[in-house]
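Grab your viewer and work through the exercises below. Each task comes with a stepwise solution.

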Amino acid sequence: MLIVSASEVAGSHGFETSSETQDSETSSTHSNSESDSTTDSSLNSMDKVIQSELPTLEPHNSLVTSIVNSFIENATSTKLEHQAESLTADLNESLVTNSKITMLPNFNIEPTGKEHGNFLCIDLGGSTLRVAVVKIDPETTSKDNKSDQNSSDRSSRISVIIEENWSIDNSFKIIDLDFFRFIATKIQYTLASQTLLDPSTLINTGITWSFPLETTSHNNGRIVHVSKGYTISPEIFGKDLKSILEGVLKTEFGISIDIKIIINDSLAVYSAGAFLDKFMKLALVLGTGLNMCCSLNASDKIHDDKIFVNSLHSSPKILFNTELSLFGDKLLPLVATKYDNIIDSRFLDFGFHFKCFMSADPITNKLLQPTELMTSGRYLPELTRLVLCDLIASNNIFSQVQDLSTIRDHPFDGFNGEIMCFVNESDDLDAISKKICAQYNWDQSMITENDIVLLKYITDAIIKRGAFIVAVSIVSFIKLLTEHNNDNHDSKLTIGYVGSVLTYFNNYRNLVKEFINENEYVKKLGLEVDFKLVDNSSIIGAAIGAAYYS
């Protein structure tokens, strides 16, 4: 079993990730190969609702109208259903033909509500180590002898007793025995700072490990791949994570731990969310990157190599780390723009010579991540910056500003997510103007109201397209749950999420929800879909997973 995030797949297989920027002719045109009878003048009520309410553009800004249309003209609820069917087919193909980079199987975690206990939790991310002690109270029984097992919210039963975190400097990113001694030192420090767990007894432990592991059980994994600037020492390569950490703690400090679960960040969201809310069936990570997690019944619809975890643990279900970012190539002819092509030149030239959810590009040996590049926090601001570069060059925006070099000359830094969020969320044009000028040290008298209106049009369009793509993905997974789990669904389905994009971009999140709940397939199921933030999921998810396997 391979536990791995999309960006880490590249490192684990020797692939290069897509180049961040490439030279491209800005005269490239928007590609649209899907015909549909729906036009802008005959959009259904849903599409009218999600259109931005902004002042009318000045006539000379027809370029902006063209750019905006290139992002959103096909981001309609009418076309969502067709794309969801197509994506569901790709998800199934990955399952049945055994893709090695998507729909990655894991030992199932399906909390019943009976989970309880005290746990040490360790979360190693790209630049931060976190160590925590978590208490999960037993389920209670009321006076009328009804347990809280079926409660829709169990959050009150979880307490983080202590949580400490440490930054990991780039110079210290060598995973060797000294690195594990460093982790052991921080574990010893944390345990010494609390009284719930007794360091002289065996301590049940859960780990969220944000790197690929070659695993054969829910709590064992060989360290053979790293990313995010890390390297592996020969003394550690191929060794079992559980054995190493347990051994170092015992040798260095005489502390005995029993690692019950090792999961990645997307699985941690699912683990925590499924315990907190019984209606939670999907876990979504949408921040710098994009990923989802779901649990499916083992069956002949899934390749034998993907259901080995089922036979090892005698569970009727398999938890899939889907690597959603690698799906969505069939969306490209419909919604890709020339700006996406600047970020990854295959977006408009993609000849479908390979399936990006099945393998790396055989020509470039690079992964293609269509959905991530059009929806995530790393790329949304960069798309905005690229559009601004076009408008600046044509003197359509910020024409009175003298120094525009920060926007023009700094890919992935010239326009950041915080600014984009503020522009998209605020209706106060003057406040936006002040925010922009403070960011770039501009004189506010040089910014016109029309500049801000144009900027809002651009961000609204990019956010709407992103919401459309995320909604396509979620509707596809609802179809997948229905097909594989014979799931008739409750009347409510909650999607647990983490990530700065959905957390802070309220308009984005609400648009995704509107798209989903107005989808005819979802309405026929009688479903109401909602989102729920699963805060501190890497710690809570590790605790729930450890409790589940205890």
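Ground rules: this is a predicted model, where local features need pLDDT of at least 70, side-chain atom pairs count only at pLDDT 80 or more, and totals for chains, interfaces and linings use all residues. Residues are numbered from 1 along each chain as its sequence is written, and side-chain values use heavy atoms, with hydrogens and water left out.

**Exercise 1.** Work out which strands pair with E3 (residues 117-124), and in which sense.

*Solution.* Strands (E, at least two residues) are DSSP runs numbered from the N terminus, and two of them pair if DSSP finds at least two bridges between them.

- Step 1: E4 (residues 128-136) runs antiparallel to E3, joined by 8 bridges.
- Step 2: Across it, Ile122 faces Val131 of E4.
- Step 3: E7 (residues 203-209) pairs with E3 too, in the parallel sense, over 5 bridges. Here Asp123 has Thr208 as its bridge partner.

**Exercise 2.** How many residues of E3 are buried?

*Solution.* Buried means under 20% relative accessible area, exposed over 50%, partly exposed in between (1.4 Å probe, protein chains only). By that cut-off 7 of the 8 residues in E3 are buried, so the rest of the structure largely encloses this strand.

Note on methods. Helix = DSSP H or I, 4+ residues; strand = E, 2+ residues; numbered from the N terminus.
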